[in-house]
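Subject: Structure handover, pockets and cavities

Hello,

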Amino acid sequence: EGYFEVIGSIINSHSLEENEGTIGNELHITYWVNRQLDAGVSLTTKLHEEDLWYDTAVIGSWSPVKWVTTNLGPNFSWEAKGRDFAVSAYFEVEINIFIIDQIHIGPVLGTLAGEESELTHGFHLGFEF
């Protein structure tokens with residue numbers, strides 16, 4: 001009954017500490033145990049000035065209805081030039097507009113809260129298999 005899902009997103013991330021925004025991308029790789037619950041990882045790359053910053057989140061997802069998914073878990077922001085290692089809470093909501101039964105697109109809206117605090121928004125493309 002379970003299935004895998006891969007989602008790629010283009011995001012704009014706005015740091016609340018530094019009051020600046022960056023563009024980036026996210027990749028979610030998850031396994032849905034059933035139509036409502038899954039677990040997996042989120043890998044994020046952000047372009048900050050001329051450097052790439054990387055985040056990894058361990059996420060659990062809940063889909064109360066087929067067209068809405070919420071993702072929650074700890075986020076690890078990796079040390080880089082101009083950035084210290086940080087741990088934050090990751091929360092994101094996806095709106096899923098199904099093109100066909102296993103492919104969906106739609107907006108994403110999220111936040112990091114903790115040592116790193118930011119708001120994100122963007123657009124995703126997801127594949128279920």
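The largest pocket has a volume of about 150 Å³. On a 1 Å grid over the protein atoms alone, a pocket is an open set of points with protein on both sides within 12 Å along at least five of seven lines, while in a cavity a 1.4 Å probe fits but cannot get out; lining residues have an atom within 4 Å of a point. Points are joined across faces, edges and corners, and a volume is the space filled by probe spheres set on them.

This is a predicted model, with local features requiring pLDDT of at least 70 and side-chain atom pairs pLDDT 80 or more, while totals for chains, interfaces and linings use all residues. Numbering starts from 1 along each chain as its sequence is written, and side-chain values use heavy atoms, without hydrogens and water.

Of the 15 residues lining the largest pocket, Ser15, Glu18, His48, Trp53 and Glu116 lie nearest its centre. β2 gives the largest share of that lining, 3 residues (strands are DSSP E runs of at least two residues, numbered from the N terminus).

There are 2 cavities of 30 Å³ or more. The largest cavity holds about 90 Å³, and its 14 lining residues include Glu26, Tyr90, Leu112, Glu118 and Thr120, nearest the centre. β3, β6, β8 and β9 (118-128) each supply at least two residues of this lining.

The second largest cavity holds about 70 Å³; among its lining residues are Tyr3, Trp32, Arg35 and His104.

As for pairing (at least two DSSP bridges between strands), β6 (residues 86-95) runs antiparallel to β5 (residues 68-77), with 10 bridges. Pro74 has Ala89 in β6 as its bridge partner.

Regards

Definitions and conventions
Helices (H or I, at least four residues) and strands (E, at least two) are DSSP runs, numbered from the N terminus.
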